[in-house]
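Please read the following with the sequence and the model side by side. The text goes from strands to a helix and then to a pocket.

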Amino acid sequence: SDLRGPASLLTKLAAIWGPNREPIELGIIHTLSSQYIPDTIRGYLQQYPQTEFKIQTDKTENIIKGLKEHKYDIGFCGKIIAPELVFIPVLYQEFVAVVPPDHELANKQEISLEELVNYDLVGYLDDLVIAQTVKEIFAEHKLEPRYISKQENELLIGGMINQGFGVGIAANTSFLKEFDLKVISLKLKKDYRVIYLVYNKVDYISAAAENFINYIAINKINL
């Protein structure tokens, strides 16, 4: 039988035990694994210490697919519109340029995209949602960047820049702090990269997952 159906054993147990007994299955993008999700879960466990979380990192496309196929209760990722999914914006991440400390741009506090395209760039793999966002940003400014390397996340982008490969363009996440790099603000509007809490509104949502969603809506929206 379908354990996610409304008459399931899990539903009955949730009614008996309250919102903190069922494992909450999360699918998250890699960039949230070092700070946002650990901080959020730590705060939640202070209120609901018996809660169990099962967390898997993946790219947005696969998380969306997992939510549609009932693999996850909740996703934290970019936005790919689907009628059965609800997207709640929870976190904004600024796009920045990343250079070694001895780079000629390192003394700048802010640079434009027009300046940035004069350099060989390290950015995101083409099949990532964030890569499409960056592509749209350059297109809006009628610019064509030159990439010498494309990577899956900010940790890998930072690693390439740390080894002297070009100039990075990336979301400003805690991954970049792993290296001795200069992070430079870009002259852009501030709403380009938004991370969403996502769930399937036509699927059964456990009491534990619903409680976690409500906790984040109250405490952990950083926009």
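**Sheets, a helix and a pocket**

Six strands make up an open sheet of mixed pairing, ordered β6-β10-β5-β9-β7-β8. Its edge strands, β6 (110-111) and β8 (146-151), each pair on one side only. Strands here are DSSP runs of E of at least two residues, helices are runs of H or I of at least four, and both are numbered from the N terminus; two strands pair if DSSP finds at least two bridges between them. This is a predicted model, in which local features need pLDDT of at least 70 and side-chain atom pairs count only at pLDDT 80 or more, while totals for chains, interfaces and linings use all residues. Residues are numbered from 1 along each chain as its sequence is written, and side-chain values use heavy atoms, with hydrogens and water left out.

V122 has S149 of β8 as its bridge partner.

Strand β3 (74-77) pairs with β1 (24-28) in the parallel sense over three bridges, and with β11 (193-200) in the antiparallel sense, also over three bridges. F76 of β3 is the bridge partner of I28, and F76 also has L197 in β11 as a bridge partner. Both faces of β3 are covered: I74 and F76 on one side, and G75 and C77 on the other, are all buried (under 20% relative accessible area with a 1.4 Å probe, protein chains only).

What do the buried residues of α3 pack against? The buried residues of α3 (60-68) include T60, I63, I64, G66 and L67. Seen down the helix axis, they fall within an arc of 160 degrees, so they line one face of α3; the arc is taken from the directions from the axis to the C-beta atoms. They pack against β1, β3, β4 (85-93), α5 and β11, where contact means heavy atoms within 4.5 Å. After α3 comes H70, with a positive phi near 70 degrees.

The largest pocket holds about 370 Å³ of space. A pocket is an open set of points on a 1 Å grid over the protein atoms alone, where a 1.4 Å probe fits, with protein on both sides within 12 Å along at least five of seven lines; lining residues have an atom within 4 Å of a point. The volume is the space filled by probe spheres set on the points, which are joined across faces, edges and corners. Of the 25 lining residues, T60, G78, V129, I130 and R193 lie nearest the centre. The helix α5 gives the most to the lining, with five residues.

Methods:
Buried < 20%, exposed > 50% of the residue type's maximum accessible area, 1.4 Å probe, protein only.
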